[in-house]
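These are my notebook entries on one protein model. I record what I looked up, in the order in which I looked.

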Amino acid sequence: MKINPTKQTYDQLLRAYEHMNRELFENKLPSCLITLQREYGAYGYYYPARFASDTDLKISTDEIALNPQYFREEGRKDREVTSTLVHEMVHLWQHHFGKPGRTRYHNKQWSEKMKTVGLHPSNIGEPGGAEVGDQMSHYIVTDGPFAKAYEKLKESGFALEWMEYPQHIIKLVQSGALAADQVDQFIKDGEDYTSLDMGLVAKALDLDEDDDRPIRVQVNKQQ
Ligand SMILES: [Zn+2]
């Protein structure tokens, strides 16, 4: 594999943005600057006119930030990461073509636009949650516009290559204590070490006998 992580990451993110702009927003959204950020507890965020051109300060562009920390958390895959991108694109749409609420607030107009692109707003990220508010997530509507647009994107070869994993997971895989194809299940099972070779684990993590297992923190993710 030829390794060029910056290009491999940003080419794909730009490709997803342009594809979703065409499929879900009639290609009307202006371009923006996508960044990778680790704002704690946030899958992503949108910030209007965050950057100005150095050659002409009158020209500005918006920021859409995605948090790589959560690209693979809680069973998330490229599809869920792309849905976060589209969630932020709805904020961007509203800033340019609608009427945003006060900062952080996801208002009724935003909520309705989300539904038209096939993402159902929900503060708990699943059916039954509030559809407006400060803390907001969404879930993907089965066979909705986003779901269909994502299938096309995937069929065209879209995939994110570089995933941030907790440091101890990477060490466990590199040491052979945990098979690469068991990582998802291992995380899903709440990091069940019982079936692993503890000698390899101790070596990989450089553990003393009385070290505790790494602690995972649960936070309510916002977008
Ligand atoms: Zn949001």
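**Entry 1: domains.** I began with the division of the protein chain, which consists of domain 1 (5–155) and domain 2 (166–223). These bounds come from an automatic or database domain assignment. I noted that the model is predicted, with local features needing pLDDT of at least 70 and side-chain atom pairs counting only at pLDDT 80 or more, while totals for chains, interfaces and linings use all residues. Residues are numbered from 1 along each chain as its sequence is written.

I then looked up the separation of the domain centres, taken over C-alpha atoms, and found 31 Å. Twelve residues from domain 1 and six residues from domain 2 make up the contact; two residues are in contact if their C-beta atoms, placed from the backbone, lie within 7 Å. Which element gives the largest share of the side of domain 1 that touches domain 2? It is helix 2, with three residues. Helices (H or I, at least four residues) and strands (E, at least two) are DSSP runs, numbered from the N terminus. I sorted the residues on this side of domain 1 into four nonpolar, seven polar and one charged. In this sorting Ala, Val, Leu, Ile, Met, Phe, Trp, Tyr, Cys and Pro count as nonpolar, Asp, Glu, Lys and Arg as charged, and the others, Gly among them, as polar.

Entry 2: I found an open sheet of three strands in the order 1-3-2, with mixed pairing; two strands pair if DSSP finds at least two bridges between them. Strand 1 (33–36) and strand 2 (44–52) are the edge strands, each pairing on one side only. From one strand to the next, the twist averages 30°. Axes are lines fitted to C-alpha atoms, for helices over the stretch in contact, and angles run from 0 to 180 degrees between N-to-C directions.

Strand 1 and strand 3 (residues 60–66) run parallel and are joined by four bridges. Leu33 stands opposite Glu63 in strand 3. Helix 2 (residues 78–97) packs on the sheet, where it touches strand 2 and strand 3, and its direction makes about 50° with that of strand 2.

**Entry 3: positive phi.** I looked up two residues here. Glu26, not a glycine, has a positive phi of about 50° and lies in the loop between helix 1 (5–24) and strand 1. Glu26 counts as exposed because it has 8 C-beta neighbours inside 10 Å.

Asp206, also not a glycine, has a positive phi of about 55° and lies in the segment after helix 7 (198–205). Is Asp206 buried or exposed? Asp206 counts as exposed, with 9 C-beta neighbours inside 10 Å. A residue is buried if 20 or more other C-beta atoms lie within 10 Å of its own, exposed if 12 or fewer, and partly exposed in between, with C-beta atoms placed from the backbone.
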